[in-house]
Amino acid sequence: MKQDEVHISSFLSLGTVLAVLLLLTTISVLVTGWHLGPFTVAVALLIACVKAATVIIHFMHMKFESLLLKLMVSGVFLLFALVIVITFIDYLLR
Amino acid sequence: MAVQINHTEHTDSETGKLGMWIFLFTELFLFGGLFLVYAVFRAKYSADFHTGAAELNAFIGTLNTVFLLVSSMTIAMSLTAIQKNKKNLALFLITVTIILAALFMMNKYFEWSHKFHYKLYPGSEVMRNLPHGEILFFGLYYMMTGLHAVHVLIGMILLSVTLFKVKTGKVSSSHFLLLENSALYWHLVDLIWIFIFPLLYLIT
Amino acid sequence: MSDMSNNETGNHISYLRHEGRYRGILSWLLSTDHKKIGLMYLYSITVFFFVAVILGLLMRIELIAPGKTIMEPQTYNGIFTIHGVIMIFVIVIPALPAIFGNFFLPILIGAKDVAFPRLNLFSYYLFLAGAILGVLSQFAGNGPPDTGWTFYVPYSAESSTNVIFALTAAFILGFSSILTGMNFIVTIHRMRAPGMGWFRMPLFPWSLYATAWIQVLATPIIGITLLMVIAERVLRIGFFDPSLGGDPVLFQHLFWIYSHPAVYIMILPAMGIVTEIFPTFSQKPIFGYTAILISSLAIAFVGYFVWGHHMFTAGISVGSRWFFSFLTFIVAVPSAIKVFNWISTMYGGSIDLKPPLLYAISFIFLFMIGGFTGLTLGALAANVQAHDTSFVVAHFHYIIFGGMGFATFAGIHYWYPKMFGRMYNNKIANIAWGINFTGFNLLYFPQFIIGIQGMPRRYFDYLPQFQTGHVISTIGGFILFIGLILMVYNLVRSIRKGELAPANPWHGVTLEWQIPSPPSHENFDVIPEIKTKPYFFGPPDESKSF
């Protein structure tokens with residue numbers, strides 16, 4: 001069954017999202033100049049996650065999608081994270 | 001009350017979109033395997049990964065990131081355009097997306113051929129004489145950006161087909177599933193690069 | 001015009017005879033009808049199954065005596081490799097979703113077809129291409145792959161044989177599996193009949209749903225891993241090569257991150273099938289519908305986190321071993337819950353011991369042996385003794401063949417009247433069952449014993465003290481082969497010669513039994529509206545859907 005109302009993202013909102021993404025990109029490039037030691041990966045990944053979430057929520061329209069789809073996407077990322085963590089139970093404790 | 005079947009129904013848009021999202025999940029896990037390998041070896045060889053990353057051109061990497069981010073915006077805008085029945089604007093935006101993708105591929109070509117020129121590719125004499133962590137870093141670089149580039153190409157083909165169908169009116173303000181799904185695929189290509197970029201290019 | 005040979009009455013035309021856009025053979029090869037696609041899978045898989053069975057039989061002949069019996073060691077390595085590749089990737093992983101899932105999922109949820117019928121046909125052709133490529137690996141240039149179906153590095157990166165053929169075949173087969181899983185998830189979400197809420201859906205579709213998520217989320221990992229091995233072979237990329245800084249155990253992690261959940265792709269639909277059979281042949285509702293449902297989802301979920309139990313002796317950390325062993329014991333619990341539910345379903349029921357039920361009951365017995373021996377392997381100390389021995393081989397054959405295989409036989413005997421509009425001969429089916437059951441146990445049980453005594457797996461030669469076990473096992477193999485032939489003969493013969501089947505020969509209450517045998521092209525003349533919970537065996541007039 002077709003949805004009666006399809007949310008249409010405005011050009012302005014999409015442009016704003018791009019501006020945010022470019023800003024985050026700039027930050028992540030600048031941050032590489034700082035010496036963060038073991039936190040480098042964490043910060044880089046954190047910014048990448050924020051960018052990814054922005055793309056998913058706004059460009060990919062997740063903000064206006066069903067709860068079901070939101071749960072699926074979250075579940076998928078969670079599962080992947082768990083697999084990495086469990087693999088590291090081996091590598092970190094060898 | 002029972003529903004009489006009258007005719008074969010086309011797949012409705014919610015169904016088609018759900019199918020596309022599930023396909024995207026499979027792509028995430030496909031690249032995920034490479035990210036897992038990256039994580040393991042980054043943890044083991046952090047210094048070598050740092051050295052290896054210095055060989056990469058962060059400027060080109062950043063430029064490519066910008067290309068993909070802008071192209072994500074343009075394809076998202078093309079969907080808005082189609083939904084508002086602005087066919088020519090949609091055609092323009094899809095075309096810009098494809099051009100940005102082509103620019104990305106051009107950069108990739110320059111990056112790779114630059115490295116090939118210095119004999120820095122998997123299996124080469126130069127590669128084999130590098131420290132282990134660097135060998136693995138470059139192996140990951142080639143495999144991750146290579147697989148990603150294959151997906152950029154597939155995306156370009158998909159977008160070209162969509163462009164054609166918008167032109168002929170098969171994709172319109174009342175039937176835009178193909179554009180929606182192509183856009184989702186394109187955003188995935190962007191998403192993967194969002195992670196590849198800092199992990200390969202921006203290691204301090 | 002009715003055709004009695006196809007059990008047609010009135011103006012209902014069997015799907016077998018329906019011709020849409022295409023005529024003749026093309027009405028099959030280009031059909032997007034989920035039922036025809038299911039049958040094409042059935043026929044292809046049966047052929048490949050017998051190819052792999054014969055390969056297994058050749059192995060058993062070789063192993064009847066120590067030393068060389070009928071083949072060279074290199075040949076033996078090639079045979080156990082291709083036997084595993086075909087059985088795992090061409091038979092056991094695809095079969096149940098592709099055959100019974102395709103045929104019955106839409107019908108069981110009151111739909112006319114799956115969500116993406118053309119993609120469904122594409123999945124079939126991918127499957128066929130992958131299967132053929134796998135067989136071709138036997139004949140191309142450098143000789144059949146000899147790495148075992150698990151393709152462990154470093155040997156898979158170094159072996160001069162046609163490893164890349166086999167890896168590519170597995171990759172293509174994986175793609176087919178992914179597309180089927182995706183199709184089923186969307187079908188179940190979007191195409192259930194009016195009134196069929198999630199908790200009114202029968203348990204076979206639920207098992208297909210859990211399975212489909214594994215197909216979609218685990219298979220890509222083996223995809224990328226196979227690509228990495230190809231990169232090792234062709235480019236010397238180094239991920240798994242210690243001389244370049246890589247780690248061979250990382251391959252094992254990646255391989256089993258898929259291949260363990262893959263075994264749940266194998267067993268969940270099998271459990272779903274027997275879950276349909278028990279209520280029908282006990283003429284009472286399934287005991288613990290919700291418990292079985294949650295157990296299916298729990299198995300799928302927890303099954304992602306046990307992969308390391310294949311690697312206990314590979315050199316992983318102590319913490320890792322504890323984690324995986326513990327989770328392995330946890331994942332056994334939902335399966336055990338299902339066993340209690342199945343038995344409780346039969347308790348107090350009106351038992352009709354037809355071939356489907358016979359296979360379903362023996363499924364429980366064989367699956368439990370496989371399951372318990374899995375726990376033996378999951379226990380860290382015992383694993384050191386049993387890993388890489390015949391004990392493992394016996395364990396997985398009990399679970400996969402005794403479990404999924406016997407459930408498949410149960411399913412084919414259950415749904416045969418619906419699919420073909422004919423009844424098979426019960427007496428021959430029962431005799432075949434007896435021969436299968438006897439042969440199966442003679443074939444595999446001795447392997448537990450010699451395994452614990454020290455007989456390694458994948459070994460061409462062995463110490464004389466293991467010979468008695470091997471001889472019994474080989475004899476069992478031949479008995480089983482005879483039983484399989486008899487079973488298939490009965491089924492094939494009855495397609496033409498069997499008695500015409502009524503719509504509901506077993507007095508079942510799920511939707512497939514409310515439509516003619518065989519069904520018409522669109523399954524339902526009128527899409528049903530569901531008003532009862534599933535497995536409702538109440539009075540026929542009031543609460544039935546139509």
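Helix 1 of chain B meets helix 7 of chain C through Glu14(B), Thr15(B), Leu18(B), Gly19(B), Ile22(B), Phe23(B) and Thr26(B) on one side and Ile178(C), Met182(C), Ile185(C), Val186(C), His189(C) and Arg190(C) on the other. Contact requires C-beta atoms, placed from the backbone, within 7 Å. This is a predicted model: local features need pLDDT of at least 70, side-chain atom pairs count only at pLDDT 80 or more, and totals for chains, interfaces and linings use all residues. Residues are numbered from 1 along each chain as its sequence is written, while chains are lettered from A and ligands numbered from 1 in the order in which they are written.

**Helix 1 of chain B with helix 7 of chain C**
- The axes of helix 1 (residues 13-44) of chain B and helix 7 (residues 163-190) of chain C come within 10 Å and cross at roughly 140°.
- Axes are lines fitted to C-alpha atoms over the stretch in contact, with angles from 0 to 180 degrees between N-to-C directions.

**Chain A against chain B**
- Each chain gives 36 residues to the contact.
- Helix 1 (11-31), helix 2 (39-59) and helix 3 (67-92) of chain A each supply at least two residues of its side; helices are DSSP runs (H or I, at least four residues), numbered from the N terminus.
- Helix 1 of chain A gives the largest share, ten residues.

**Confidence**
- Chain A has a mean pLDDT of 91, with 95% of its residues at 70 or more; pLDDT is the predictor's confidence in each residue, from 0 to 100.

Conventions
Contact = placed C-beta atoms within 7 Å.
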